[in-house]
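Here's a quick tour of a surface patch and some aromatic rings. Have a look at the structure first, then read on.

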Amino acid sequence: MDNPHIVPPKQYHMKNLPNHLNALAITVWVGGLWAIGYLAVPILFHAQPDRQLAGMLAGRMFGTLGYVGIVCGLYLLLHRWLAVGKQISRDVLAWSVIVMLSITLVTQFYIQPLMAEMKLQVLPFEVMQSALAGQFKMWHGISSILYLIGSLLGAWLVIRSFSTSSNRDRGGQ
């Protein structure tokens with residue numbers, strides 16, 4: 001016999017799986033941007049006296065996060081396309097993902113390899129003590145600005161996605 005005082009938990013059916021994966025993809029990608037870029041890497045450079053080693057480890061973290069971002073970004077775009085169909089070209093959430101994904105692709109396959117190549121060219125010396133220091137600083141600055149833009153778009157995406165899902169849970173939108 002059912003107890004009338006116990007409220008059954010909200011049922012999550014398999015049909016909601018794409019929405020749950022969407023929330024996880026946003027969480028992993030944006031959370032990774034914040035955790036690595038604004039926590040792990042600054043702590044690494046503060047705690048590790050060998051700046052070359054710190055840079056190599058930071059590069060590995062950013063590289064791994066880049067691949068995670070590509071997978072998450074592609075899933076998020078697919079999810080938006082299935083949700084809004086032909087209206088995707090006018091969908092603000094889709095455009096934020098497109099910009100974030102574009103930043104990730106440019107950074108992953110152009111800027112990071114370029115900076116890694118500069119480091120290799122001057123081995124065994126540090127790139128910042130070489131003739132390539134100015135060029136390296138410029139690309140590092142561009143990369144940092146793009147990372148900040150992606151992080152801010154990610155924050156907006158989290159807030160917007162949460163408010164959209166909250167409205168849907170309450171029966172809106």
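Predicted model: local features only at pLDDT ≥ 70, side-chain atom pairs only at ≥ 80, totals over all residues.

The patch sits on the surface and is made up of Trp34, Tyr38, Leu148, Leu152 and Val158, which together have about 450 Å² of accessible area. Two elements give two or more residues each: α1 (17-47) and α4 (133-169).

Take Leu152, which sits in helix α4. Is Leu152 buried or exposed? Leu152 has 54% relative accessibility, so it counts as exposed, the cut-off for that being over 50%.

## Aromatic pairs

How many aromatic pairs does the structure hold? There are four. One of them joins Tyr38 and Tyr147 edge-to-face, with 5.7 Å centre to centre and 65° between the planes. That pair ties together distant parts of the chain, as Tyr38 is in helix α1 and Tyr147 in helix α4, 109 residues apart. Tyr38 counts as partly exposed because its relative accessibility is 39%, whereas Tyr147, at 18%, counts as buried.

Tyr147 also pairs with Phe62, again edge-to-face: here it's 5.3 Å centre to centre and 70° between the planes. This pair too links distant parts of the chain, with Phe62 in helix α2 (residues 51-84) and Tyr147 in helix α4, 85 residues apart. Phe62 has a relative accessible area of 22%, so it's partly exposed.

## Putting the rings together

Through these ring pairs, Tyr38, Phe62 and Tyr147 end up linked into a cluster. Tyr38 is also one of the residues in the nonpolar surface patch.

Methods:
Residues numbered from 1 in each chain as written. Heavy atoms only, no water. Patch = residues over 30% accessible without salt bridge, like charges linked within 9 Å, V, L, I, M, F, W, Y side chains within 5 Å. Areas by Shrake-Rupley, 256 points an atom, 1.4 Å probe, with all protein chains shown as cover. Salt bridge = Lys/Arg side-chain N within 4 Å of Asp/Glu carboxyl O. Helix = DSSP H or I, 4+ residues; strand = E, 2+ residues; numbered from the N terminus. Buried < 20%, exposed > 50% of the residue type's maximum accessible area, 1.4 Å probe, protein only. Phe/Tyr/Trp six-rings, centres within 6.5 Å; stacked < 30°, edge-to-face > 60°.
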